[in-house]
Each structure stands twice: as structure tokens, then as C-alpha cells.
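Welcome, and please take a look at the sequence and the structure below. A short tour of some of their features follows.

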Amino acid sequence: MGASAADTQDVLMELRNVDKAFGGVKAVDDVSMDLRAGIITTLVGPNGAGKTTLFNVITGELAKDSGSIKWLGNPINRIKPYQAARAGILRTFQDLRLFNEMSVEDNILTAIEDNSVPVPLTRVQRTARREKVDYVLNRTGLLSKRKIRAKDLAYAERKFLSMARVMATDARLWLLDEPASGLDPNSYEKFLEILREEVRQGVTVCIIEHNLDIVIGISDRIAFLDRGKLLADGEPQTVLNDPELRAIYFGERT
Amino acid sequence: MEAYLLNLVILISIYSILGVTLNFIMGYAGIYSLAHAVFFGVGAYAGTFMAMHVNASIFVTLPVAMAVGALLSLILALPALRVRGEYFVAASLGLQVLAVTIFSEWKSVTGGIGGLIGIPPLDIVGYEVFKPSQFIFVTVGALIIILFVINRLVHSSFGRSLRAIRDSESAAAAFGKNVPLIKTISVVISSAFTAVAGVLYASYFSFINVESFMLDTSVLIMAMVIIGGTGTQAGPIVGAALLLVLPSLISYLDFLPQTEIGSIQQIIYGLGMALLMIYRPGGIVGRKKQSETGKE
Amino acid sequence: MLALQLTITGLQTGALYALTAVGFSLIFGSTRIFHFAHGATFIIAAYLFYYMNISGYGLIPGALVATAGAIIFGLLLNRFVYVPIQRDEGSFFTVFVASFGIGIVVQNVVGMIFGRGYVTVQTPLSFSVELMEGLYVAPLAWISMLCAAVFFGILWCFLKYSQMGKALRALSDNPELVRVFGLNPRFISACAFTIGSILVVPAAIISGATSGLNPAMGHHVMLISLAATIVGGIGSVTGTLLAGLALGLAESLALLYVDSQWTEAVTFAILFLFIIIRPSGLLGRSTAH
């Protein structure tokens, strides 16, 4: 594939021969790939290709059957979800999983607080948090909704809250599971702008996305999954122009 | 009349402690326990054991009772970490049944079915508190302290984590919450404070037996929390007051059979629970549908 | 010989447990309603039969009235409590609390009418017969097992061959299927409640003659039903049936080692182990949370 810009970045996460089966069905089948720092890698593929399962395996939500995963050079093979988060790997959920009974503000505060044991905060910490929350709310356009319960928000607002929770943290890698699905054109323009800005500031993103316009618009690199197998991983143009992959993607499978 | 009121307020404050501590795990952590009376009993028996055999000072009885309650609560935490909802209700129901058997059978400590009599009064730095007019300050004071501590917890980051876990466990974990640890801590804190209520109860009556710590009591506490308002601060206290005043209200109504006051009380709160769930699931104090949660 | 004696008693108890538990499991599996008042259905059926019995009516009228009472109670509860709650979001918790509240009401109303002590249905069928040396079995033991066999046989045919039975089974496998069937969900849940309530009746009647009745025993019935449902695997009728039998046997055989007041502890220990080690149960779907 040659040494393109996307290839020269540092590898943040390294997956080698990762397998995960449910019953007899291989949801993730011998996947090896690298997630490189500072770029957006897009996971594409038909429904049931194993994209979300891959996220679940990376964050330890599901235990993989075999293979290895390294994060910043260290193996994280038996990591638990909360440890993954603390290590700087955050993910969103396709079904959002907001803290529904809590206010928008509390949702974000919860995301940035990492203490499990009840210890009071210092004044300085409080102020820093408040500023962070204000910044994130402002970016996602939720400033006027801060006291509203998450479950009382409109659909697009809920999607943005899901993003805001991640943005508020210091995580280095974001795993985003269809964050733009169902958004109207205005909202997803705003979404893309936020995403690009965050990546400019040093965040690394791996995103699951179906909308081809968005895929083309944001991807620095594309990984193509089908039936658990990684069929391609490279430059967007190369992957998207491959006729065989196009056939699978558009359902013209023979 | 004065004696009656004193007694009522003392009972309300003791049951409020039970309600507040149950509400802490039920309303904020989503752990619906039908075994709350177990830790009430554990506190009562542990405190009584210390008072009768070692020292009646509250600086001995309270810490020991709280420690024993906290330690044994790990038995409740274990299934709570594994499962939630219907599974946990079953586990706590089973634990309650088991505890009653142990309370009735472990005669050397609990006095069996007959119970324990002659429990020494509270000893606060050498001063013995047993008159209701003095005891009332102890129970109300204990309630205020516990309420204050729990209120602080609920409005801290810890409380937010608890509510986050209640709303979505997987999302809470995905944001770095150590879910098992947080749940365990909440159960331990709740049970330790529940044990305090046990110590107060035992020394107030100077008599305890297993009947105070059976499933009926767990149900009563749960009814207090639900009727008052789950997940609210004032709810458990309102609920406790309401359900404890109920028997005397019933006794004013002459047309009701006076020998059945206990049953009528239970029928009223049973109906109350069902009707509230249909028309106002948030309880009496609880918010209506559209308002917000969390102040901090 | 003691072991054999306890095995037969255990099978008798287990058969009754299985009937009650399958009733609960069927309702819970196909409607997702945490019908905690299932214990109250048991109480109502048992005391109606007891009342008919002391009023001098025979077995058949008594059984019919008990069955009618159980069905009516189940249907009324579904219609006037569960349906309104489920209409707006109705979480597990709200349904549970409402059901629990109704259970308390039934327990106390029955207690006020019939007293809170134990009552027993008198019948010569509960007198033990010495089958061989040291082995005493009452005819009721065989009747219990036969009853369970007949009821489960009918239930099995119903679930396998009738349209409604297939719908109930499919719903237990996958609760999201409600809309796929052309059937009205209201009607399906009414059916589930009818069948679930009927299954309680034989256990309630026979318990009245063997262990005796007490208004507070609804909680025990619920503990057993819940334990069997969870141990057997939520959504699996067969699993619940086996678990109910196993729990009865375990309680009875435990008497070889411990005193009788610890039998509930045995149920609890088994339930606890399953919750910790295998929350999906014997034959349950693997998703437990």
C-alpha cells in the first residue's frame, strides 16, 4: 500500500489475530490491524460484520477467544471495561446508554469523574470540572439544556450528549459506534466539524459508520469487515474503489 | 399523651434510619433488597451482645455493630454484583428467610425465639440514657447525622456514580466506574448505618426477639421508602412517619375491628403500594414526570 | 430406607413446587411481568378449597371454585394493575412493587377471615400406608405426582400444538416477538395468566391436605417459584419443571443431614450458588443481565 500519511503515524493500538465466536458463528475472525495516532479510522462493512463486537472485545466488555491486543505497546488482553476507560480508551454505544434519569450536566460530570471511593473534591478540582463541562456543553450546543434529564432530550440532542460525555474526558482513543446515524444534515455537519476539531487537537478516533458520504468525508483510513474477517485496511480511495468490496458493501454479493 | 408522642417520635426516627439506608441502595444504586431487616437484626444482636457481655458504652456497641453489619453485608453484595432486578430480589428474599432461621436457632447469641431480655440502656460516657425524654435526642440525633452523611454521599461524585450505574451499568463501566467496587461500598455503608438503628432499637426496648427482624419488617421498610418516594431525601422519613402513625389512626376509627389493627395497617400500605405504582410511581414526595434530577 | 422415604416425600413436594413454579415461569417468560402475587393466587385457591371443604362440599365443587377463584384473581390483577402500569413505561420495579403490595393485601384479608394460624384440609388420603417395612407413603404422594404428570402432559401438548401455545413459547424465547404474531398482546397475556393461575391450583389444594395452610405462606411459595425459575433458567418451562422437582428433592433429602427448620436454607443455598456461578440457570438463555 506504500507509505502514506496514515501509515507513518505511531501505532496506538495493535490487534493481532483476534477471534471471537458466539456459538458456532465467528463474529470476529482472525482480525489483525493497527489503530494509528491522530487519525480517524473508519470501520465499514455490512450489518453483522462484527464491528460492534470488535469494540466490545477491545474494551473488555466481551472476552476474546484468542489473539492479542496491545495499547501503547503494553498488552491489554484481560482488561475490564472500567480499566480500559481509565487507560484512555473510551467508547460510545449504538443505543447511546445515556444516564437517563440524570441531568445533562450530571451525565458529563459522571464521565469525567474517575473516583470510585467517596472522597470529596477540592475547590480547584471543582472549578476545573465546571469549566470543562461548560466548554463541552457549548461545543455540542447543549448549554441551555444542562439541567434537563437525558431522557427528556430530543433524538439529535441525545446523540450529542453521547458525544459530549466522551469529549469531556482526556481519553486518547475514541471508539464511536454509529454516532451520526439518524442525524439530520445540519446536525451531522456540526458533528463532523466537532470530530475534526477534536482530532486536530490530538484525539485518535475509530468510528463505525454506514453513510458513505460521511465515510468519505472524515476517514483517514478505512478498515473493511465482513462476516468477522478484515478484508481490507488502508487508504480510503483504495478500499472504496475495490470493486469486490463495493459489491459486498452494496449488497451485490454473488 | 406525651409518653405516646415521645415513643412515636423515637420509633419514627429509628424506622427513618432504616428507610434512609434502604433508600440509599434502592433509590440510588438500584439494589432492591428484601433483606434490610437482616442488618437491622444483625446490629441489634451484635450491639446487645457487646452491651451484655463486654461493655454497654456506645463507643463499644455502635462501632462493633456497624463493623459486623458491614462485614455481613458482603453476603448481600455478592449476588448484587452478579445480577440485578428480579434475580437480586430472589437472592435477598432467600437471604432474609435464611437469616430468620439463624436468628431463631443460634440461641447462645440471639436467645432463640424467646429473644433477649434485660438489655442494658445506652451508656454515653458513663451516663445511662433510658428515659424516653432523653432517648429521643439520641435517636433523632443519630437520624440527623446519618441523613447528613448519606446526603453528602448522594450529592458527591460517588452518588453520581451510583445513579449512573442504576441507569446503565455498561455505560458506567465504559466511563471508568469500577461497578462492583462502587456497589459493594454502597451496600457496606448502608448496612453499617442500618446496624445503628438495630442498636438503638434494642436498648430502647431493652428486649429483642426474632419477630422484629423478619420478612414483615423488610417489607414494611420497603413500603415506607416506596410510599414516601424512592430516590428522594425526604421520602423515607415521610413514609416512616405515615406508616407508623397509621395504626393509631386506625384505632380512632371505631367501626374497624380493633384486634385486627396490624392486618388493616398492612392492607392499607399494600393497597397504597399498588395504587401508587399505577398512578404515581415516584411516591408521595417523588417528582412528577417532567422535572429534573440532581442538583449538584 | 430413610433415604427412600425421603426421596418419595421429596418427589411429592417437588411435583407441587414444579407446578407452582412453572405457572410463574410461564407468565414471567411470555409477558415479562414479575408476578410476585403468584403466591397470593396460591393462597386464594388453597383457602377457597379449604372453605368449600369445611362447608361440606365435595372434592369436585371445591376444586372448581378454587380454579375459578385463581383464574379470576390472575385476570383481574393483569387487567387492573399490570396493564395500566405497563401502559406508561412500567419498569420491572413498578410492576414488582404493585404486585408485592397486592400480595400483602391478600395475605392479610385471608388472615382476617380465616385466622393467621395453620389450617388443614381433612382427608383420609393423607393417612400414610406402610408399603414395606419402615416405608410410609400417603396416597396423596402418588396423587401429587400423578397430578403433576397429567397437568404437564396437557401443558406440553398445548404449548406444542396449539397456536396460542406456540406464541407463548416463542415469546419466552424472544420477548421482542410480540408484534410478529398476528395475535393481540393483551389476549396473549390474559392466556398466560389463565394458564399460570390454573397450574397453581393442584399444588394449593394438595398442600392444604399435606403441609397445611397459613396466609403468610405466599412468600414461601414465591421463594420456591423464583428459585425454580432462576435455577431452571428464565424463559425455560422444562428447566423450571426440573428445577422445581430438584428443589423438592433437595429439601427432603437434606433432612438426612440437618433439622427440618433448615430446609428453606437448602433452597436458598442452591439459588445462591446458581446466581453466583450460573445466573442463566440450567436451560436458560445465556444473557442473564
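## A parallel pair in chain A

Let us begin with two strands that run side by side. Strand 3 (residues 40-44) of chain A pairs with strand 9 (residues 221-226) of chain A in the parallel sense, over four bridges. One of the residues to look for here is V44(A), whose bridge partner in strand 9 of chain A is F224(A). Please keep in mind that this is a predicted model.

## The sheet around it

Where does this pair sit? In chain A, six strands make up an open sheet, and their order is 6-7-8-3-9-10, with mixed pairing. Strand 6 (89-91) and strand 10 (229-234) of chain A are the edge strands; each has a single partner strand, so one side of each has no neighbour in the sheet. On average, neighbouring strands of this sheet are turned by 15° against each other, direction ignored.

## Helix 2

Is helix 2 of chain A mostly covered or mostly open? Helix 2 (residues 51-58) is mostly covered, as eight of its eight residues are buried. The buried residues are K51(A), T52(A), T53(A), L54(A), F55(A), N56(A), V57(A) and I58(A).

Just after helix 2 of chain A comes a backbone detail worth a glance: G60(A) adopts a positive phi of about 85°.

## How the chains meet

Which chains share the most contacts? Two pairs of chains are in contact, and of these, chains B and C share the most contacts. Chain A and chain C, on the other hand, do not touch, and their nearest C-alpha atoms are 11 Å apart.

Key. Residues numbered from 1 in each chain as written. Chains lettered and ligands numbered in written order. Predicted model: local features only at pLDDT ≥ 70, side-chain atom pairs only at ≥ 80, totals over all residues. Buried ≥ 20, exposed ≤ 12 C-beta atoms within 10 Å, placed from the backbone. Pairing = 2+ DSSP bridges. Axes fitted to C-alpha atoms, helices over the stretch in contact; angles between N-to-C directions. Contact = placed C-beta atoms within 7 Å.
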